[in-house]
Amino acid sequence: MQELIAKSIESSDLNFNRYGDTFFEVVFRGVRTQPGTIKLDEGERHPYSILDSEPKREVILPSVIYIQKLLRRRPFLIKNLENVMQRFLQSLELFEEDERKKLAIFTALAFSQKLSGLPPENVFHPLLKDNLVAKGLVLSFITDFFKDYLVDNCLDDLISILKRAKMEENLLDFFPSAKRTPEAVSEHFTKEGLVQLVQYNEKKIFEVRLKEMKTAITTQMTGEADVAEVIETVKQHVKDAIFPDIEVVRILWDIMMDAVQWSGKNQQQNANSALRQVWITCTMAAVSSLNSTADMLCNIVMLLDYVMLIGVLF
C-alpha cells in the first residue's frame, strides 16, 4: 500500500518547494495540520500515516525507506522534514503515549538509515523544553529512541549522534529535576536494559571527577598548601566520587612527579627532591585512605616501591 501511495505522489503535480512541510505532515498524521500547530486540519485523512500505524519497527521502516528515496531525489526536502519533526517533538505532551513511541521509533530509524543531512542537534534541541522534561516525557521518548536505535547500531554510533547533538555529557538534562543525579541515570537506564550506555556514562563521570580532583590537589600543592589541607581535599573527593584507592595513589603520584624540580645541578639533588615528594605523598596516601588498614598499607607499599625505583634511577 505504501508503495502505491509513493507512486501516486511521484506522479502527482505536488509542488514540493512550496508544500514540503505539508507533505511531511500528511506522511506523519494522514492530513495537514493547522499552521504553526500540530492540530489536525479539516479534510479527509488517509489511514496509512506513521502515527496511525502500529508502534513497531518493521511497520514504520517502509515509511522511513520511502522518505530516504525521496530525499535522494529531492534533497532540499530535508529541511521540511526537520521543521516538522521539531514541531512535533516540542509538542510531545499533545500526543498520546503510543504516538510518542512511534515518533521515537521513526527518529531512531531515521538516524539508523542515515537520512541525508538530518542534523541531530536541530532535531533533539526542542526536547529540552522545561515543561516536557518536568513531566518525564523527554526521558520516556529518549529511552525509546536509545533502545530502538541500538537494535541495529552499536553504542559508538549512538555516542556519535549524541556528540553531534551536544548531549553526550548531558544525559542528566533528560531527567526531571527531582531525579537529576548520576545514580538515577544509572538506575533508570539499567532497568531499561541499556547497560552499555550506563557503563559509558559512569566512565565519563569518573574521568571528569578524577580530573577535578587532580586539578584541586595540584593547585594546593603548587601553592605550597599545608599537607593537612591537601589530605582533606583528597578525602572529600574520594568520598564524593567513591574513587578506588588505586586511582588516588596514581593521581597523587602523577602530581608528585609534576611537582619535582628536575633541574638540580646534580643527580643527588634531583633524587633528594623526588624522595621528598614521595615521602609527602606516602603520608597523604596513608592518612587519606578511607577504607581498611590493609588498603592504607597497600598504598604505602606501592609508593615505597616508587621510592626504591628512584633510588635505582639515581
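The side chain of Asn153 reaches the backbone oxygen of Tyr149 at 2.8 Å. The model is predicted, so local features need pLDDT of at least 70 and side-chain atom pairs count only at pLDDT 80 or more, while totals for chains, interfaces and linings use all residues. Residues are numbered from 1 along each chain as its sequence is written, and side-chain values use heavy atoms, with hydrogens and water left out.

Asn153 sits in the loop between α8 and α9 (155-164). Helices (H or I, at least four residues) and strands (E, at least two) are DSSP runs, numbered from the N terminus. Asn153 counts as buried because its relative accessibility is 12%. Buried means under 20% relative accessible area, exposed over 50%, and partly exposed in between (1.4 Å probe, protein chains only). Leaving aside residues up to four places away in sequence, Ser112 touches Tyr149, Asp152 and Asn153. Touching, or contact, means heavy atoms within 4.5 Å.

The chain as a whole gives the setting. The secondary structure of the protein chain comes to 15 helices and 0 strands. The chain has 314 residues, of which 43% count as buried. Among contacts with a separation of 6 or more, 64% join residues 24 or more positions apart.

Helix α5 (residues 97-112) packs against helix α3 (residues 57-73). Their axes come within 9 Å and cross at roughly 50°. Axes are lines fitted to C-alpha atoms, for helices over the stretch in contact, and angles run from 0 to 180 degrees between N-to-C directions. The two helices are therefore oblique to each other. Angles under 35 degrees count as roughly parallel, over 145 as roughly antiparallel, 65 to 115 as roughly perpendicular, and the rest as oblique. The crossing of α3 and α5 is right-handed. A crossing is left-handed if the near helix is turned anticlockwise from the far one by less than a right angle, and right-handed if clockwise. On the α3 side, the contact is made by Arg57, Ile60, Leu61, Val64 and Ile67. On the α5 side, Lys102, Ile105, Phe106, Leu109 and Ala110 take part. The residues of this contact of α3 with α5 divide into 8 nonpolar, no polar and 2 charged. Here Ala, Val, Leu, Ile, Met, Phe, Trp, Tyr, Cys and Pro count as nonpolar, Asp, Glu, Lys and Arg as charged, and the others, Gly among them, as polar.

Helix α5 also packs with helix α8 (residues 137-152). The angle is about 40°, and the axes are 8 Å apart. That makes α5 oblique to α8. The crossing of α5 and α8 is right-handed. Residues of α5 in this contact include Arg100, Leu103, Ala104, Phe111 and Ser112. Those of α8 include Leu137, Phe141, Phe145, Tyr149 and Asp152. By class, the contact of α5 with α8 has 9 nonpolar, 2 polar and 5 charged residues.

Leu92 lies in the loop between α4 (78-89) and α5. Leu92 is buried, with a relative accessible area of 0%. Not counting residues up to four places away in sequence, Leu92 touches Arg100, Leu103, Leu127, Leu132, Leu137 and Phe141. Leu92 and Leu137 are 45 residues apart along the chain, yet their C-alpha atoms are separated by 7.0 Å.

Most residues other than glycine have a negative phi. Lys114, in the loop between α5 and α6 (120-124), has a positive phi near 55°. Lys114 counts as exposed, at 61% relative accessibility. Lys166, in the loop between α9 and α10 (182-191), has a positive phi near 60°. Lys166 counts as exposed, at 66% relative accessibility.

How values were computed: A polar contact is a pair of N or O atoms within 3.5 Å; within protein, one must be able to donate a hydrogen and the other to accept it, and residues adjacent in sequence count only if both atoms are side-chain atoms.
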